[in-house]
Amino acid sequence: MIEVQDIYKSFGDNEVLKGISAKFEPGRISLIIGGSGSGKSTLLKCMVGLHAPTKGRVLYQGQDFTRMNFDERIPIRKEIGMLFQNSALFDSMTVEENITFPLQMFSDMSKKERIERANSCLERVNLPKSNKLYPAELSGGMKKRVGIARAIAMNPKYLFCDEPNSGLDPKTSIVIDELIQDITEEFNTTTIVVTHDMNSVMGIGQYILFLYQGEKKWEGSNKEIAHTDVKELNDFVFASPFMRIAKKSF
Amino acid sequence: MFFNSLGKYLILLKSVFKKPEKWAIYRKEILHEMYSVGVDSLGLIAIISTFIGAVMTMQIAFQLVSDLIPNSIIGQINRDSSILELSPTISALVLAGKVGSSVSSQIGTMRVTEQIDALEIMGINAPGYLILPKILAGITMVPILVVLSIALALTGGLIGGALSGAVTPADYISGITDGFRGYTITVAMVKAFVFGFVITSVSAYQGFYVKGGSLEVGQASTKGVVVSCISILASDYAITAAML
């Protein structure tokens with residue numbers, strides 16, 4: 001389980017996060033949603049240690065991640081998998097090398113075992129036989145899937161996804177969402193997804209944290225979201241005419 | 001501003017020289033970088049050094065028009081100028097442009113496309129993994145390139161002198177061998193070692209802290225070259241003052 005307690009984050013005079021607290025349970029997909037500039041990516045970066053919070057704590061299984069130094073964080077980081085908005089695949093490496101890189105760095109697996117693991121990860125994301133391709137040769141959706149394959153290579157306990165559907169067509173977005181859902185159930189990962197894709201919210205949002213101007217405005221499930229009276233959340237979720245029509249059927 | 005940047009640079013270097021996670025992976029990267037810094041720069045250094053040696057010989061001959069001075073002095077001046085200053089410094093300035101800009105833009109692109117974040121989240125010491133192999137390649141390959149540059153500058157002088165008639169090959173060879181002091185090579189190697197470190201570390205620093213997008217990567221690359229060149233000239237002065 002991951003717990004964030006009273007997180008504040010400022011960049012100069014700009015206070016981006018204002019006292020966010022939440023619990024993210026294993027085996028469940030938690031979504032952090034909000035408009036642009038609401039602080040959701042900043043919260044995610046504070047949770048994985050890319051940003052140091054100005055105040056507050058991030059606890060992994062009760063261990064205070066924010067107070068740890070680089071070396072103390074390594075055991076927890078080995079249990080983290082992350083899918084980046086632009087996939088962040090290493091350009092100079094093939095798909096197979098991207099996936100086997102963390103295994104090569106941190107495990108005692110032989111080369112054969114690493115390749116077998118890469119193949120099983122690639123099959124898991126429905127991209128078999130793409131081992132020797134370079135990131136530049138992949139489409140946006142394929143990059144996301146390779147990003148997921150790399151993220152799950154080390155059998156992570158915690159899976160973070162930053163805007164996994166951005167830049168993808170609706171059909172591919174659903175494929176990625178289903179993949180995240182399957183992996184969460186299969187590996188019992190604590191999965192945290194930052195998104196503003198309403199299909200994801202309604203489809204896989206078992207726990208949703210809504211941020212508005214750096215503050216937590218609402219939390220609940222996708223079943224509860226249609227019946228909330230929080231104005232900012234309603235404005236965000238039902239911004240499109242389609243969602244307003246759909247709301248009547250909820 | 002200057003002290004802020006210097007502090008950040010020193011903190012980055014501290015991270016760079018942390019114990020590597022796995023030497024086998026670093027070894028592969030070091031060899032790759034050595035090839036990139038050394039072998040890929042050979043042609044450029046060879047052409048520049050040969051022509052500078054040839055031109056230097058003709059210019060020295062042009063300035064020493066006197067029956068009282070033996071022609072062999074042309075070779076001697078060319079030798080000492082090439083070893084002590086021209087080969088190390090010109091090579092370093094050229095490499096700052098070629099290698100430095102490549103290092104800055106490569107690391108800067110990795111920063112803006114979140115590849116460095118990906119390394120850090122995996123628990124990998126990103127400065128060590130990305131910068132240490134480049135620095136080790138710089139401090140080993142730049143001295144080798146400088147030795148080659150010296151040899152080619154002297155050869156260029158021989159050819160240029162002979163072709164232009166400024167000095168006969170016999171006088172020139174007599175000049176470059178008479179009164180040779182091995183200490184000048186030591187000075188050149190110290191310079192090359194320091195320049196190799198400066199080019200790779202300063203350029204890597206500029207790339208590592210890029211914020212923004214492709215425009216900022218380009219600016220960091222330019223800044224990396226400019227700061228490297230200034231640092232090379234400043235350290236050239238300091239080493240010369242200290243060792244000669």
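Predicted model: local features only at pLDDT ≥ 70, side-chain atom pairs only at ≥ 80, totals over all residues.
Figure 1. The pairing here involves strand β4 (residues 55-60) of chain A, which is joined to β5(A) by two bridges, and the strands run antiparallel. Both strands belong to an open sheet of four strands in chain A, with the order β2-β1-β4-β5 and antiparallel pairing. At the edges stand β2 (14-24) and β5 (63-64) of chain A; each has a single partner strand, so one side of each is left without a neighbour in the sheet. Have a look, too, at helix α1 (residues 40-48) of chain A, which lies across β1 (2-11), β2 and β4 of chain A. This helix runs at about 115° to β1(A).

**Figure 2. Strand β3 of chain A and its two parallel partners.** Strand β3 (residues 28-33) of chain A is mostly covered, with five of its six residues buried. Strand β8 (residues 190-194) of chain A is joined to β3(A) by five bridges, and the two run parallel. Within this pairing you can find A:S30 opposite A:I192 of β8(A). Strand β9 (residues 207-212) of chain A also runs parallel to β3(A), and four bridges join them. Here A:I32 has A:L209 in β9(A) as its bridge partner.

**Figure 3. The contact between chains A and B.** On this view, 13 residues of chain B are in contact with 15 residues of chain A. Helix α5 (residues 115-121) of chain B gives the most to the chain B side of this contact, supplying five residues.

**Figure 4. Chain B, a chain of helices.** Chain B has nine helices and zero strands, and its pattern along the sequence reads α-α-α-α-α-α-α-α-α. The C-alpha trace of chain B spans about 70 × 40 × 30 Å along its principal axes. Of its 244 residues, 47% count as buried. Among the contacts in chain B with a separation of 6 or more, 88% come from residues 24 or more positions apart.

**Figure 5. Helix α1 of chain B.** Helix α1 (residues 2-16) of chain B has 15 residues, which at 1.5 Å a residue should span 21 Å. The C-alpha atoms at its ends are 21 Å apart, in agreement with that figure. This helix is hardly covered: one of its 15 residues is buried.

**Figure 6. Helices α4 and α6 of chain B side by side.** Helix α4 (residues 72-112) and helix α6 (residues 126-164) of chain B pack at an angle of about 145°, and their axes are 8 Å apart. The crossing of α4(B) past α6(B) is right-handed. In the contact of these two helices there are 15 nonpolar, eight polar and two charged residues.

**Figure 7. A close look at B:I139.** This residue is found in helix α6 of chain B. B:I139 has 20 other C-beta atoms within 10 Å, so it counts as buried. Leaving aside residues up to four places away in sequence, B:I139 touches B:F193, B:G196 and B:F197.

Definitions and conventions
Residues numbered from 1 in each chain as written. Chains lettered and ligands numbered in written order. Axes fitted to C-alpha atoms, helices over the stretch in contact; angles between N-to-C directions. Left-handed = near helix turned anticlockwise from the far one by under 90°. Nonpolar A, V, L, I, M, F, W, Y, C, P; charged D, E, K, R; others polar. Contact = placed C-beta atoms within 7 Å. Buried ≥ 20, exposed ≤ 12 C-beta atoms within 10 Å, placed from the backbone. Pairing = 2+ DSSP bridges. Expected span 1.5 Å × (residues − 1).
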